[in-house]
Amino acid sequence: MLEMSEALKACSNVSASGPDHITWYYLKSILADDICAFGILFLANSCITLRHWPRHFKESVSVIIPKLGKPAYDTPKAFRPIVLLNTLGKLIEKVIARRLQFDTVKHSVLHPNQLSGIAQRSTEDFGLFLTHLVCSGWAKGLKTGVVAFDIAQFFLFLNHSILTAVLRHSGFADCLVDFFSDYLIGRSTQYAWNSFLSHACDADVGVGQGSALSPILSALYIAPLLHLFERQAQALNLDTSTLSYIDDGLLVSQGRMYNKTLSELTSSYSIVSDLIASFGLVIEHDKSEIFYFSRVHNDSNPELDLSAIGAPILKPKTYWQYLGFYFDQRLSFKEHVQFYSTKALTTVKAIGMLGNSSRGLLPLQK
C-alpha cells in the first residue's frame with residue numbers, strides 16, 4: 001500500500017511542463033519495454049485501489065475552435081472546445097474504460113438498445129438496426145414513425161451523485177465507486193483561443209468530453225433511464241421502442257394507421273422527457289424531429305403536435321438526416337448515395353489543387 005501511495009504522489013508532483021510533451025509516439029516506445037508497461041499498469045491499479053485520481057491528470061487545456069458552416073459566430077454554441085489532457089492520464093483512462101466496458105457487457109448492465117459508449121458498436125450498427133426494424137414492420141403490414149430527440153449539453157449536465165449511485169446500484173465494487181467520486185471532482189482547465197491562454201478555471205461539472213471514460217460513463221448513466229422508460233411504456237400498453245446513441249435518442253412506434261402511431265409517440269415523448277428531467281438532464285426540443293417510413297407512394301406525412309408538453313409542432317421532411325445517414329420514406333437510400341458520392345468526387349477534385357507534377361504535394365502524400 002505504501003508503494004502505491006508513493007507512486008501516485010510522484011505522479012501528482014510532476015511539473016506541468018513535463019508530461020504534456022510526452023506524446024503517443026514516445027509512450028508506444030516506452031510500452032515496448034515490459035518493465036515500463038508493468039509500471040504503468042501498476043499505476044492504473046493503484047488509482048483504483050487507493051480510490052484516487054492524481055491532481056495532474058485532472059488538469060487540461062480546452063482549445064476553442066469554430067464549428068464549420070455556421071451562419072454567424074456571435075453565440076457560444078457556434079464554437080466547440082477540444083480538450084487536451086495529459087497523455088499518460090489518457091492512457092490509464094483507456095485501460096480503466098476497457099475494463100468497465102468488459103464488465104458491463106459481461107454482466108448485461110447496459111440496455112440492449114444502447115449503441116454507443118461500448119466497443120464494437122457504432123453508427124453503422126444503429127443504421128442497420130433501424131433499417132431492420134422498419135423492414136420487419138413492413139413484412140407485418142406496419143408503418144413506422146420515429147421521433148428523434150437530443151439531450152442538451154449532455155456531458156456537462158451529468159450529475160455526479162446520480163452517476164455514483166448508478167455505479168453502486170449496478171454492482172460495481174466500492175473501491176471503483178469511490179475512485180470515480182474522486183475522479184469527477186477537483187478538475188480544472190485553461191481555455192486557449194489563438195495565442196491567448198486563460199488562467200486555470202474549475203471544471204467540476206459533468207464528465208470530461210475529451211476523456212476515454214466519458215462514453216462508457218455516459219452509457220451507464222443513461223441505462224437505468226431506458227429501463228425505466230421500457231417499464232412505464234409496458235404499463236401503459238405503448239408499443240414503442242427506444243434507441244440510444246450517446247446524447248441522441250430515438251422513439252420508434254409501428255402501426256397500421258398513423259393515428260395510433262402519433263398517439264403513442266406523443267405519450268412516449270412525454271414519458272421520456274419527464275424521465276430525462278428526473279435525471280438532471282434536459283431535452284433540446286427545438287432539435288426534435290419526426291419522420292415516417294412507408295412503402296406506399298405519396299403516403300401522408302402528418303405533423304406531431306407536442307405543444308401540450310412544451311415542445312414544438314414537429315413537421316416531417318422529405319429526407320431525414322440522422323447520425324450521418326440520409327433516410328427517405330421508402331428506404332431507397334438514393335439521397336444517401338448521392339450525397340456521399342458527390343462528397344467523394346468533390347474531395348478527389350480538391351486533392352488535385354494541392355499539387356501537380358512539378359509542385360505541391362507528392363502523389364504519395366496526397
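Tutor: Start with the term itself: a salt bridge is a side-chain nitrogen of Lys or Arg within 4 Å of a carboxyl oxygen of Asp or Glu. The model is predicted, so local features need pLDDT of at least 70 and side-chain atom pairs pLDDT 80 or more, while totals for chains, interfaces and linings use all residues. Residues are numbered from 1 along each chain as its sequence is written, and side-chain values use heavy atoms, with hydrogens and water left out.

The structure holds nine salt bridges. Take Arg 168 and Asp 174. Their side chains meet in a salt bridge, with N and O 3.3 Å apart. Accessibility needs its classes here: buried means under 20% relative accessible area, exposed over 50%, and partly exposed in between, with a 1.4 Å probe and protein chains only. Arg 168 is partly exposed, because its relative accessibility is 43%. Asp 174 is partly exposed too, at 46%.

This pair belongs to a network. Salt bridges link Arg 51, Arg 168, Asp 174 and Asp 178. Helices (H or I, at least four residues) and strands (E, at least two) are DSSP runs, numbered from the N terminus. Arg 51 sits in the loop between helix H3 (34-50) and E1. Its relative accessibility is 37%, so Arg 51 counts as partly exposed. The backbone of Arg 51 deserves a check: phi is near 55 degrees, a positive value in a residue other than glycine.

Next comes Lys 77 with Glu 284. The closest N and O atoms of this salt bridge are 2.9 Å apart. Lys 77 lies in the loop between E1 and E2, and Glu 284 in the loop between H10 and E9, so the pair ties together parts that are 207 residues apart in sequence. Lys 77 is exposed at 54% relative accessibility, whereas Glu 284 is buried at 17%.

Two strands pair if DSSP finds at least two bridges between them. E1 and strand E2 (residues 79-85) run antiparallel and are joined by seven bridges. Within that pairing, Ile 64 has Pro 81 of E2 as its bridge partner. Strand E1 (residues 59-66) is also joined to strand E4 (residues 188-193), by five bridges and in parallel. There, Val 63 stands opposite Ala 192 in E4.

Two packed helices are described by the angle between their axes and the distance between the axes. Axes are lines fitted to C-alpha atoms, for helices over the stretch in contact, and angles run from 0 to 180 degrees between N-to-C directions. The axes of helix H9 (residues 214-235) and helix H10 (residues 258-278) come within 10 Å and cross at roughly 140 degrees. Contact means heavy atoms within 4.5 Å. On the H9 side, the contact is made by Leu 225, Leu 228, Phe 229 and Gln 232; H10 supplies Ser 268, Ile 271, Val 272, Leu 275 and Ile 276. These residues divide into seven nonpolar, two polar and no charged.

H9 also lies across E7 and E8, running at about 170 degrees to E7. Those strands belong to an open sheet of four, in the order E7-E8-E3-E9, with antiparallel pairing. Strand E7 (240-245) and strand E9 (289-293) are the edges, each pairing on one side only. From one strand to the next, the twist averages 20 degrees. Inside the sheet, strand E3 (residues 143-150) and strand E8 (residues 248-255) pair over eight bridges, antiparallel. Val 147 stands opposite Leu 251 in E8.

Lys 317 forms one with Glu 289, the closest N and O atoms being 3.6 Å apart. This pair links distant parts of the chain, 28 residues apart: Lys 317 is in the loop between strand E11 (313-314) and strand E12 (320-322), and Glu 289 is in strand E9. Lys 317 is exposed, with a relative accessible area of 52%. Glu 289 is partly exposed at 22%.

Methods
Nonpolar A, V, L, I, M, F, W, Y, C, P; charged D, E, K, R; others polar.
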